[in-house]
Amino acid sequence: MAFDYDPNNIFAKILRGEIPNTTVYESEHALAFRDLYPQAPTHVLVIPKGAYVSMDHFTQEASDAEIVGFMRAIGKVCELEGVSEDGFRAISNAGENGVQEVPHLHVHIIGGRNLSRMLAKET
Ligand code: AMP
């Protein structure tokens with residue numbers, strides 16, 4: 001599949017400094033910032049600096065250095081946010097069925113409360 005990246009998505013604008021964010025951590029290959037609408041006491045978004053739509057796009061086309069840099073940033077955010085001991089959830093939504101709103105790869109790091117089961121049961 002060919003991945004079509006929209007350079008005008010909101011996280012691309014954050015990376016270009018066109019709109020503000022509350023940065024938690026930044027490295028050569030990643031930026032982590034607070035979600036604007038947090039769903040738990042800790043809710044941080046970790047994004048790669050490269051133009052990747054989703055996790056499958058990233059893991060197929062990013063360089064080894066980008067992948068390592070991004071994954072290390074996730075670990076660093078967990079350490080900085082203090083969620084390792086009590087636990088957290090790392091979520092990356094993709095595409096229509098994944099209900100992805102922003103088409104730039106991001107991993108939600110959510111913690112600080114019990115998050116219950118991962119998926120709501122179908123009714
Ligand atoms: P997703 O549904 O996985 O694409 O999640 C997108 C997330 O981005 C949501 O949790 C939004 O609250 C969050 N979000 C949208 N705009 C911003 C923004 N400008 N700064 C921080 N978080 C944002």
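A polar contact is a pair of N or O atoms within 3.5 Å. In this predicted model, a backbone N or O atom of Glu 101 lies 2.7 Å from an oxygen atom of the ligand, which puts the pair within that cut-off. The protein covers 90% of the 510 Å² of accessible area that the ligand has on its own. The ligand sits in the largest pocket.

**Ligand contacts**
- The shell around the ligand holds 16 residues, of which Asp 35, Asn 93, Glu 101, His 106 and His 108 come nearest.
- His 106 places a polar side-chain atom 2.8 Å from an oxygen atom of the ligand.
- For His 108, a polar side-chain atom likewise lies 2.8 Å from an oxygen atom of the ligand.

**Make-up of the shell**
- By class, the residues around the ligand are 9 nonpolar, 4 polar and 3 charged.
- Helix H1, residues 10–15, and strand E2, residues 30–34, each supply at least two residues of this shell.
- H1 gives the largest share, with 3 residues.

**His 57**
- His 57 belongs to helix H2, which spans residues 55–61.
- The relative accessibility of His 57 is 4%, so the residue counts as buried, the cut-off being under 20%.
- The side chain of His 57 reaches the backbone nitrogen of Val 53 at a distance of 2.9 Å.

Terms used:
Residues numbered from 1 in each chain as written. Predicted model: local features only at pLDDT ≥ 70, side-chain atom pairs only at ≥ 80, totals over all residues. Heavy atoms only, no water. Near = heavy atom within 4 Å. Polar contact = N/O pair within 3.5 Å; in protein donor to acceptor, adjacent residues only side chain to side chain. Areas by Shrake-Rupley, 256 points an atom, 1.4 Å probe, with all protein chains shown as cover. 1 Å grid on protein atoms, 1.4 Å probe; cavity = no way out; pocket = protein on both sides within 12 Å on 5 of 7 lines; lining within 4 Å. Sits in = over half its atoms within 2 Å of the grid points. Helix = DSSP H or I, 4+ residues; strand = E, 2+ residues; numbered from the N terminus. Nonpolar A, V, L, I, M, F, W, Y, C, P; charged D, E, K, R; others polar. Buried < 20%, exposed > 50% of the residue type's maximum accessible area, 1.4 Å probe, protein only.
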